[in-house]
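Here are my notes on the ligand site, point by point. Have the model open while you read.

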Amino acid sequence: MCGIVGYIGNKKATSLLLDGLKKLEYRGYDSAGFCVLDDNQFCLIKKKGKVSELEAQTQKISIGGSIGIAHTRWATHGAPNEINAHPHLDCTGNIAIVHNGIIENYQALKTALKKEGHKIISQTDSEIIAHLVEKFYQNGNLENAVASTIKCLEGTFGLLVLDKNQAKIVAVKKGSPLLLGIGKKQMFIASDASAVISQTKKIVYLDDNEIVSVTYDGYTIKNLQGQLVDKKIVQLKFTIDQIEKRGFKHFMQKEIFWQPQAIENTLRGRISKNRVKLSLKLNPKEINRIIITACGTSWHSALIGKYLIEKLTGIPTEVDYASEFRYRDPIIKKNDLVIVISQSGETADTLSALKEAKQKGAKTLGIINVVGSTIAREVDSGIYLYAGPEIGVASTKAFTCQVTALILLANYLKSGDKEILAELVKIPQKVSLALKLSGKIRHIAEKFKESKNFLYLGRNVNFPVALEGALKLKEISYIHAEGYPAAEMKHGPIALVDENMPVVFIAPKDNTYLKIISNMEEIKARGGKIIAIVNSTDSKIKNLADYIIKVPKTLDILSPIINVIPLQLLAYHIADLKNLNVDKPRNLAKSVTVE
Ligand code: F6R
């Protein structure tokens, strides 16, 4: 996890670094720090807690200097405190580093460095990097020292190294994201584009083991053999408005309400004359089996994908948690297609699963939101969501856009289904109608905000929606919630049901409707409180449910996109009414770049 940013230019580094950290805070927020070179001296400030606390500390002192590095942390090794916060220094105090990722062999390196006399003061895996750079530093050649250092490291890193003696930042990455932002008389190196977009849209995405050297005179990028690498400068397409709140109280709320536009962006230009247009490097006729792998919310979309793809194409489809796929030596056959789904495109488990699939010879396809992310660059071909940056830690618009992309994909693999595609273009409008239920859902949230447990039940393609509703509630309101296939409820969870148990049913009028009604009867008989998501035309369930939420009717196969909206809103309103930190829930980070 963690977010890193470096700056060199003609402005005061501190405010630009703090601004960058605020944008990266979704990657971690238990401590933060920066090191700025001011008048040939390092000014190093670290603080436990959020970037705002670091900023408050900074306002008490005047700091000059126009070159520096900064970090916002999500603790992996060592408690969140000031000593473990980055940047870390070497023994001489001339080298400062910030690191994102995990150094797996840090214990062995730490023991060896201590034997050599290095004084290591933190419990982190990162500090040893500063000492290794110190060890290999000769004749002022920082690039060589960094190249020798990374040869010793096992694990993942995005790394910035600041040298006090030559006003230079050297950066390198392996497995963690890093990019260079090129502005007018200033340059940035950061974990992602949100940290730099207010200053520049010209970006160079760095690849593993490329050593970037940035000074006031410009930058160079070399490979480990010391040869210059020619890299493309990419123009970013998203705007600063897209990553600001624009009048909403929280990013999550903005992202929920932004879904009609986000889904339109995913669809734009991809449906024409009852056909889906995608530029994918694969021949649908050659695919025997599909495996979809992902984590968290993206895994829920993958489950929906299984229902969709099997129903629409007849291609057998399996779904795996990326973390499980990676370690169970999966069987991959010649004409298998492995699909990876990831909002960030940086999730470590998903990236590892992708590498495993590639290594075993699978064709790969990504469904990714963040353009230029590591997974997006590793897959054979892919579908971008174009949902815009998702800042709230709890994923919302990425989920509905992922399902949209999966529907497009299923229709691409088989010749497009006229009825489905005609209805798909109406979905943004129907999502807008579902969003109008926000006021009513806030009222329901008031009634249940003190509940200790929730059950979410759905069937068929709406079973993963139940899982997603439960995950949203857990993540941001800290209320225990479980999602289940409605019929499984009687095989165990029903034992939990009493008058204190709210049960959310997703009950569209599909072929399981009557069965769901029976499941509701079973809950009602035990005193459970029923909140039912039903179609606008439904008249039966009102006698059974305590609270009814009526959403627009659509085709069964598209209904997850509509049915998830009230569940996102319910979780959002409960967390907001409890005054919780909706956008940055405890213990979570937006982009899970550790395995
Ligand atoms: C839940 C959530 C996480 C992510 C998961 C995968 O709201 O955001 O469960 O879905 O960490 O992240 P991506 O999609 O970036 O690979």
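Predicted model: local features only at pLDDT ≥ 70, side-chain atom pairs only at ≥ 80, totals over all residues.

**Notes on the ligand site**

1. The ligand lies between domain 2 (245-425) and domain 3 (433-584), because both give residues to the shell around the ligand. The domain bounds come from an automatic or database domain assignment.

2. Residues are numbered from 1 along each chain as its sequence is written, and side-chain values use heavy atoms, with hydrogens and water left out.

3. Around the ligand there are 14 residues, counted as near if a heavy atom lies within 4 Å of it. Ser 298, Ser 342, Gln 343, Ser 344 and Thr 347 come nearest. Helix H8 (296-313) and helix H16 (463-477) each supply at least two shell residues; helices here are DSSP runs (H or I, at least four residues), numbered from the N terminus.

4. Which side chains have an N or O atom by a ligand oxygen? Ser 342 has one at 2.6 Å, and Lys 472 has one at 3.0 Å.

5. As for cover, the protein buries 90% of the 400 Å² that the ligand exposes when taken alone (Shrake-Rupley method, 1.4 Å probe).

Notes:
Polar contact = N/O pair within 3.5 Å; in protein donor to acceptor, adjacent residues only side chain to side chain.
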